[in-house]
Amino acid sequence: MNLPTSVRLVEVGPRDGLQNEKQPISVADKVRLVDDLTAAGLSYIEVGSFVSPKWVPQMAGSAEVFAGIQRQPGVTYAALTPNLKGLEAALEAKVEEVAVFAAASEAFSQKNINCSIADSLQRFVPLMEAAKAANVRVRGYVSCVLGCPYDGKIAPEQVASVARELYAMGCYEVSLGDTIGTGTAGKTRSMLEVVGRDIPRDRLAGHFHDTYGQALANIYASLLEGINVFDSSVAGLGGCPYAKGATGNVATEDVLYLLQGLCIETGMDMDKLIAAGQRICEVLGKANGSRVARARLSR
Ligand SMILES: CC(C)(COP(=O)([O-])OP(=O)([O-])OC[C@H]1O[C@@H](n2cnc3c(N)ncnc32)[C@H](O)[C@@H]1OP(=O)([O-])[O-])[C@@H](O)C(=O)NCCC(=O)NCCSC(=O)C[C@@](C)(O)CC(=O)[O-]
């Protein structure tokens with residue numbers, strides 16, 4: 001398999017990266033992060049989510065963040081929406097694209113969105129119709145594709161079944177989430193081989209958390225399987241509120257370094273990206289989770 005000549009990165013730092021933070025983060029700091037990421041050349045930024053504030057308090061100000069950012073042409077500013085109520089709020093905030101999220105594990109589905117996998121898919125049907133009527137594209141997520149914090153091993157066929165349903169109901173792309181970062185390159189390839197039987201590979205994305213330090217290897221394995229869209233989080237921010245111990249997504253800076261080393265085009269500026277990540281880490285009082293950023297900043 002030849003490697004792709006270009007890759008699209010979906011920046012999930014402002015959403016996946018910040019949703020788990022316990023300390024308050026001001027709307028101004030969130031807006032600054034999104035604007036910095038735009039300036040660094042990201043073409044797709046997940047800005048926030050329209051979920052229950054009781055479940056994920058940190059995302060409560062997402063409408064204000066959308067109102068404050070400087071949107072640039074050619075950049076998609078997206079949000080998570082778990083149900084019709086979330087979509088309505090997102091449309092009001094003039095969100096250009098939304099994402100629904102399901103899981104390949106029953107237990108995770110219950111913990112994350114308080115319903116079974118089948119019920120979650122049913123819940124998405126009216127959302128998909130309303131999004132279509134509003135001319136808003138919908139991305140789909142499947143969590144726990146390489147393991148679940150509650151159910152353990154997940155069969156690739158179960159991942160394929162949920163991904164297939166999301167694709168069939170109109171999600172233009174399905175992002176496959178290694179929520180707890182236990183996946184390996186071998187498991188990634190086997191899972192993609194099964195999921196890729198039903199969904200064209202250019203409609204799949206990889207979403208790897210780096211808990212076990214395997215995310216870059218899993219991305220490389222995915223590139224070999226024909227995947228060319230990856231979710232990542234600046235400075236490796238994040239974790240999932242319903243996956244204890246899971247670290248952040250793979251750092252965007254580290255993915256960019258991998259891709260640059262493979263001569264794969266992304267249109268991004270490493271220096272600006274590192275500055276964006278370092279700035280938000282200083283706001284949070286956290287160490288930078290990107291190895292590339294740490295190495296460059298210590299020079
Ligand atoms: C899905 C629900 C709402 C079900 O939660 P529920 O309690 O079953 O919902 P409900 O319909 O019974 O409503 C309960 C309350 O929530 C309100 N509500 C209902 N919907 C909304 C909404 N959209 N926005 C704002 N408020 C909402 C609703 O109005 C009501 O308010 P009350 O009457 O009690 O005051 C809840 O479980 C929820 O919000 N879950 C979100 C969890 C979440 O955001 N998780 C993190 C994102 S997923 C992730 O990180 C994984 C991913 C994507 O990155 C990939 C990976 O790594 O695996």
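**View 1. The second largest pocket of the predicted model.** The second largest pocket has a volume of about 400 Å³, where a pocket is an open set of points on a 1 Å grid over the protein atoms alone, reached by a 1.4 Å probe and with protein on both sides within 12 Å along at least five of seven lines. Its lining, meaning residues with an atom within 4 Å of a point, comprises 23 residues, of which Asp 210, Gly 236, Thr 247, Asn 249 and Gly 289 are the closest to its centre. This is a predicted model, in which local features need pLDDT of at least 70 and side-chain atom pairs count only at pLDDT 80 or more, while totals for chains, interfaces and linings use all residues. Residues are numbered from 1 along each chain as its sequence is written, and side-chain values use heavy atoms, with hydrogens and water left out.

**View 2. The largest pocket.** With a volume of about 650 Å³, the largest pocket is lined by 36 residues, and Val 51, Ser 52, Val 56, Pro 82 and Phe 101 lie nearest its centre. The space taken by the ligand is this largest pocket, a molecule being placed in a pocket if more than half of its atoms lie within 2 Å of the grid points.

**View 3. Contacts of the ligand.** The ligand is surrounded by 25 residues, each with a heavy atom within 4 Å of it, and the closest are Lys 54, Asn 112, Asn 114, Ser 143 and Thr 179.

Methods: Points joined across faces, edges and corners; volume = space filled by probe spheres on them.
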